[in-house]
Amino acid sequence: SVLATMMLYWLGAVDSFSTALEMYVSDIFFFLLAAFAIAAAVRKSPLPHRLLVWFIRHGRNSAKFLLLAFMVITALISTVISDLAACALFASILSPMLKRMPKDCKEARVFAKCVMMGIPMAALAGGIMIPIGSPSNITLLGLLRDSTQVDVSFLGWMVVGVPWGALCLVMSWGALCVFCKPHITGDMAKVFCMDMGRNVKITAPEIKLVVFMVGIFALWIIQGVTGVLSSTQVAIIGMVILFFPGMELLDWNSYAEETPWDLVIMLGGVIAIGRALTSAGAIDW
């Protein structure tokens with residue numbers, strides 16, 4: 001991707017090397033960096049696990065409700081982290097529970113199969129709900145704006161993305177219930193009751209994260225209505241707040257470990273090539 005960006009100048013597609021670099025480091029590039037910061041803060045927090053435990057406590061005797069709970073939480077978290085990361089996160093949480101289920105029980109095998117198919121389905125559904133749900137969403141916004149001058153706001157995306165994502169989620173859950181017919185027995189229910197009786201007090205960083213997420217979404221929605229700030233500016237403000245001393249939401253080491261830098265570099269090159277195609281007139285041709 002870096003080589004392709006430099007070749008834009010060497011091959012004469014852009015006037016100067018600095019122009020090629022400007023195309024590489026666009027505002028979408030910084031939006032992507034901020035989105036990964038928010039994702040890192042969510043993955044670092046025990047909040048996803050706490051939400052999952054709450055659903056298990058309230059529906060541990062119904063296989064269909066449990067399956068829906070797992071899928072809803074996965075979709076919810078997938079709106080702010082990448083689809084693959086959401087799959088990995090919830091598969092790692094649920095895998096120990098599923099391994100404790102009776103090995104010789106047909107119902108247990110069917111239920112485990114439904115859960116492991118439902119998690120990626122839900123992650124994909126959640127990933128299309130809001131722009132930061134997937135890096136490809138962010139890349140698409142940049143290419144769309146550069147090639148057609150159509151600027152889709154955060155709120156504008158949600159107006160379409162949330163209903164479609166919810167519809168995909170419900171249809172996926174319904175298909176699993178109809179074709180696989182998950183069922184849960186008393187022994188299986190005990191597996192999900194283990195370690196669920198303890199009431200662990202919610203921590204201050206979790207409360208701060210919830211307040212932060214509500215605030216950042218409110219700013220994005222206000223931005224979509226008023227147009228005072230851009231989506232990227234709101235994202236950068238949110239990323240800066242995450243690193244504030246005393247917030248205890250994100251540190252550089254966690255951010256550096258959680259961010260897929262190869263993907264960031266690659267998408268920068270993709271955006272640069274797309275902008276060069278537009279500026280050179282190749283898109284019109």
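**View 1. Helix H3 is largely enclosed by the rest of the structure, because 14 of its 18 residues are buried.** The model shown here is predicted. Buried means under 20% relative accessible area. Helix H3 covers residues 27-44. From the first C-alpha of H3 to its last, the helix reaches 26 Å. That is close to the 26 Å expected at 1.5 Å a residue.

**View 2. The largest cavity holds about 60 Å³ of space.** The structure has one cavity of 30 Å³ or more. Its lining includes Leu-32, Ala-35, Phe-36 and Ala-39. Val-80, Ile-81 and Ser-82 also line the largest cavity. So do Ile-132, Ser-134, Pro-135 and Ile-138. Rolling a probe the size of a water molecule over the atoms shows where empty space is left.

**View 3. Two helices, H3 and H8, each give two or more residues to the lining of the largest cavity.** Helix H8 spans residues 135-148. H3 gives the most, with four residues. This is the helix of View 1, where 14 of the 18 residues are buried.

**View 4. Helices H1 and H2 each supply at least two residues of the nonpolar patch.** H1 runs over residues 2-10, and H2 over residues 17-24. The largest share of the patch, four residues, comes from H1.

Terms used. Residues are numbered from 1 along each chain as its sequence is written. This is a predicted model: local features need pLDDT of at least 70, side-chain atom pairs count only at pLDDT 80 or more; totals for chains, interfaces and linings use all residues. Side-chain values use heavy atoms; hydrogens and water are left out. The expected span of a helix is 1.5 Å times one less than its number of residues. Buried means under 20% relative accessible area, exposed over 50%, partly exposed in between (1.4 Å probe, protein chains only). On a 1 Å grid over the protein atoms alone, a cavity is a set of points where a 1.4 Å probe fits but cannot get out, and a pocket is an open set with protein on both sides within 12 Å along at least five of seven lines; lining residues have an atom within 4 Å of a point. Grid points are joined across faces, edges and corners, and a volume is the space filled by probe spheres set on the points.
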